[in-house]
Amino acid sequence: MLSYPTYFEFYPRKLMTLTFIIKNDEVLLGMKNRGIGKGKWNGFGGKKEPNETIFDAAKREVKEECGLDAISMKKIGFIDFEYVGSNEIMEGHIYLCDKFEGDIVESDEMAPIKWFKIDEFPLDNMWVDHKLWFPMVLKKIPFRAHFKYLDDDTILDSTIKLLSILKKTKEIWVNVIVKKDNQILTTNNLEEPKIFKSHQKVTKGESLENAALRYLKSNYEITTKEVQKMAVIDVELTDTPSIKEIHMFVMDVSKLKHFTPINDYRWIDINNIQFFADKKLLSTLLMMKPFKAYFLIDNDDILCSKYYKN
């Protein structure tokens, strides 16, 4: 399961707020004109003042930056921002506002201010971390995140943890990769990654090894007596009540003289695979050294990936 980093727990913190105002299928954003994030679209927020609660700071910043009075606000996330070379953490408190009053008034700090359709969100002109956690804001899923920046445009490390009240159940699945040197066996009509989609569920009373052999037979028409388990991968979708624990096996046929792909299968070099979202997974599997991994996925987009030594 995903672990949240703790090495910076005792760093001094600067408390910040960020509020996104949503109306139907639109989000209100402002262009930052000075300070951190200058030239980027963003929600409305800033630094908490002394003797002020985080909630009051969030409401004040909304009023100062866009002129609106926030009536209904819900905290949806916490984000720890860390920069290389700094021992201070910027602790961001993320709010969602869906009820407000007043008229939009642009400020010296935020202008222009405009409504964006959710499906036209300007992610390419926002902080790079937004595309990784904003799906949780839209789906109203509480979360906590950590981003380690080298500079304002380069993330070195990230962790996103969903803060669900209900404990998610585990489903056990298997998947098998057939490899030859730096190639994997795929179908000719493969148009999307099948690593997370073509796995098979382990039946009650079935061993992982037997499930993997069954997978080989049904997917590749390969009959063999053994395969090698390389990884255990927890795959969590943002809006499902379960986590898929996928046991990844590898069958290496590099030394087999008479192995020939059948039907519509072919060999493809992993460096030529354009459709797979996380190439590190394939390259790590082909190294044939056991490991563990975690993926948080939203609509086929990988929001967070972590690799651990087994």
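Which side chain does aspartate 153 meet in a salt bridge? The partner is lysine 40, at 3.3 Å from N to O, where a salt bridge is defined as a side-chain nitrogen of Lys or Arg within 4 Å of a carboxyl oxygen of Asp or Glu.

This is a predicted model, in which local features need pLDDT of at least 70 and side-chain atom pairs count only at pLDDT 80 or more, while totals for chains, interfaces and linings use all residues. Residues are numbered from 1 along each chain as its sequence is written, and side-chain values use heavy atoms, with hydrogens and water left out.

Strands here are DSSP runs (E, at least two residues), numbered from the N terminus. By the salt-bridge rule, the count comes to 20. Two further bridges involve glutamate 109, one with lysine 32 and one with arginine 34.

| Salt bridge | N to O distance |
|---|---|
| Aspartate 153 and lysine 40 | 3.3 Å |
| Lysine 32 and glutamate 109 | 3.6 Å |
| Arginine 34 and glutamate 109 | 3.9 Å |

Lysine 32 lies in strand S2 (residues 26–32) and glutamate 109 in the loop between S5 and strand S6 (110–117), so this pair ties together parts that are 77 residues apart in sequence. Arginine 34, in the loop between S2 and strand S3 (41–42), is 75 residues from glutamate 109 in sequence.

Relative accessible area is classed as buried (under 20%), exposed (over 50%) or partly exposed (in between), with a 1.4 Å probe and protein chains only. On this scale, lysine 32 is buried at 15% and lysine 40 is buried at 13%, whereas arginine 34 is partly exposed at 45% and aspartate 153 is exposed at 52%.

**A buried glutamate without a bridge**

Glutamate 26, in strand S2, is buried yet has no salt bridge, the nearest side chain of opposite charge being that of lysine 23 at 4.1 Å. Beyond its neighbours within four places in sequence, glutamate 26 is in contact (heavy atoms within 4.5 Å) with Ile21, Trp115, Phe116, Lys117 and Ile118.

**A nonpolar patch**

Val84, Leu150 and Leu156 make a nonpolar surface patch of about 260 Å²; such a patch joins, within 5 Å, nonpolar side chains of residues with over 30% relative accessible area and no salt bridge. Valine 84 belongs to the loop between strand S4 (69–83) and strand S5 (89–101), and is partly exposed at 42%.

Conventions: Patches are made of residues with over 30% relative accessible area and no salt bridge: like charges are joined within 9 Å, nonpolar side chains (Val, Leu, Ile, Met, Phe, Trp, Tyr) within 5 Å. Accessible areas come from the Shrake-Rupley method with a 1.4 Å probe; for residues, only the protein chains shown count as cover. Helices (H or I, at least four residues) and strands (E, at least two) are DSSP runs, numbered from the N terminus. Lys and Arg count as positive and Asp and Glu as negative; His and the chain ends are not counted.
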